[in-house]
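Open the model in your viewer and keep the selection panel at hand. Each stop says what to select, then what is there.

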Protein chains: 2
Amino acid sequence: MNKIQLEKGLLLIVSAPSGAGKTTICKEILKILPHLRFSVSCTTRPPREGEQNGKDYHFISEDEFRNRIAKGEFIEWAENYGYLYGTLKKEIKKFEDKTLDILLDIDPLGAKNLKKNYPDGVFVFILPPSIAILKERLKGRGSEKKDMIKIRLKKAIEEINENKWYDYVIFNDNITAAASVMKAIYIAEKSKRERLKNKINNLFNMPEVK
Amino acid sequence: MNKIQLEKGLLLIVSAPSGAGKTTICKEILKILPHLRFSVSCTTRPPREGEQNGKDYHFISEDEFRNRIAKGEFIEWAENYGYLYGTLKKEIKKFEDKTLDILLDIDPLGAKNLKKNYPDGVFVFILPPSIAILKERLKGRGSEKKDMIKIRLKKAIEEINENKWYDYVIFNDNITAAASVMKAIYIAEKSKRERLKNKINNLFNMPEVK
């Protein structure tokens, strides 16, 4: 290998059941890891209070979403609670081209779809400290109705089961601690020999023998 | 699985070529990760200034070392610069019985032997930032003669090549930064889903399906 290859960017995928605090942790991790770029997903669900179009999500109609599926624009998409969620290929590509590291906030179903194309992505599952605390957190969400809480809890327990195929698990006892574990995972992954081999071979002039 | 299984302790193995600053980093990491227990190796080489028997190494005679090899007391051993180095099985066992995490400072040859018995150990290779700096550091060691430096440099370059089969690589630009990467690796490894599955299954009552 004569040409120096740039290190590939890292794909950090974060999933969690409803009420595990995934969105808050993602925001915290972006604060402490400014190198990470956030991949903005598309969704057909209406924006919640405070959510900004193009920053939190690309809010699009179901027609547009289906149209983009048909055109093959998504690297992954999945349905959740009757709404569609998906990651655009071009959203990933714009960061990949600059070998930037990307943070993706994706539900387990979408994450599983993504893993087919990105087996070397880093898949992190956020867990609530216990089922009791998960229940409390779901109740605490003012925006949800009682029936919705029941549905979400059932779904959350199903989703928790998906942790099986993830690389890492973080218990979200508190946001700061959980975000610092995420930071550690990021640093460790950047130190994986497999990711550094071209840099090492270049520094010490050792051809990689396959 | 009805019984709760304790998490297994983690084995963190650190190797480096001569002059990469491995011993200093190990001391630093033990300061910032007081949960880690240091595995004291046996060696036939004479103690350097300031080294304490039973703390830095168990300094033993070659006769005793060979005798212990014959008795099968070592989990790994290897020769380096004409001296023997090895890890006693009982040194590891005393920590394993308490499910404690262990830090081992072992040369690549010994580490390779250890990997056969501990494939799930975490193998970290410390690299100097460049060959030029490695050369300088070897020269800087007052205790070494010129011929010895040449031999060590040649050996170091051979040893660097061994990074291939390690899990992680840390560039030792400065001790504090290198130790903090090691800490991140430790935290990340403790968050690996594979290591936490019994805890998760116990918390959420999900039987592990093999």
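**Stop 1: a covered helix**

Select α7 of chain A; its buried residues are covered by elements that include β1 (11–15), α1 (22–32), β8 (122–127) and β9 (168–171) of chain A, together with β9 (168–171) and α7 (175–190) of chain B. Bear in mind that this is a predicted model.

Now show side chains on the helix. Buried here are A:Ala178, A:Ala179, A:Val181, A:Met182, A:Ala184, A:Ile185, A:Tyr186, A:Ala188 and A:Glu189. An α-helix has 3.6 residues a turn, so residues three or four places apart point the same way.

Check the length of the helix next. Helix α7 of chain A runs over residues 175–190, 16 residues in total. At 1.5 Å a residue it should span 22 Å, and its end C-alpha atoms are 23 Å apart, which agrees.

**Stop 2: where the chains meet**

Select the residues of chain B that contact chain A. There are 24 of them, facing 25 residues of chain A. On the chain B side, β9, α7 and α8 (193–204) each give two or more residues. Colour that side by class: 17 residues are nonpolar, four polar and three charged.

**Stop 3: the nonpolar core**

Which residues touch the most other members of the largest nonpolar core? Select A:Leu12, A:Ile13 and A:Val124, then B:Leu12, B:Ile13 and B:Val124. The core holds 97 residues.

Centre on A:Val124. Leaving out residues up to four places away in sequence, A:Val124 touches A:Leu12, A:Ile13, A:Val14, A:Tyr166, A:Asp167, A:Tyr168, A:Ile170, A:Met182 and A:Ile185. Two of these, A:Met182 and A:Ile185, are among the buried residues of α7 in chain A.

**Stop 4: a strand residue in chain B**

Move to B:Val122, in strand β8 (residues 122–127) of chain B. B:Val122 is buried, because 21 other C-beta atoms lie within 10 Å. With residues up to four places away in sequence set aside, B:Val122 touches B:Leu10, B:Leu11, B:Leu12, B:Ile13, B:Asp167, B:Ile185 and B:Glu189.

**Stop 5: a loop in each chain**

Finish with A:Thr99, in the loop between α3 (89–96) and β7 (102–105) of chain A. Is A:Thr99 buried or exposed? A:Thr99 counts as exposed, because it has 12 C-beta neighbours inside 10 Å. Its phi is near 50 degrees, a positive value in a residue other than glycine.

Then select B:Thr99, in the loop between α3 (89–96) and β7 (102–105) of chain B. B:Thr99 has 12 C-beta neighbours inside 10 Å and counts as exposed. Phi of B:Thr99 is near 50 degrees, a positive value.

Definitions and conventions:
Residues are numbered from 1 along each chain as its sequence is written. Chains are lettered from A and ligands numbered from 1 in the order in which they are written. This is a predicted model: local features need pLDDT of at least 70, side-chain atom pairs count only at pLDDT 80 or more; totals for chains, interfaces and linings use all residues. Helices (H or I, at least four residues) and strands (E, at least two) are DSSP runs, numbered from the N terminus. The expected span of a helix is 1.5 Å times one less than its number of residues. A residue is buried if 20 or more other C-beta atoms lie within 10 Å of its own, exposed if 12 or fewer, and partly exposed in between; C-beta atoms are placed from the backbone. Two residues are in contact if their C-beta atoms, placed from the backbone, lie within 7 Å. Ala, Val, Leu, Ile, Met, Phe, Trp, Tyr, Cys and Pro count as nonpolar, Asp, Glu, Lys and Arg as charged, and the others, Gly among them, as polar. A nonpolar core is a set of buried Ala, Val, Leu, Ile, Met, Phe, Trp, Tyr and Cys residues joined through C-beta atoms within 7 Å.
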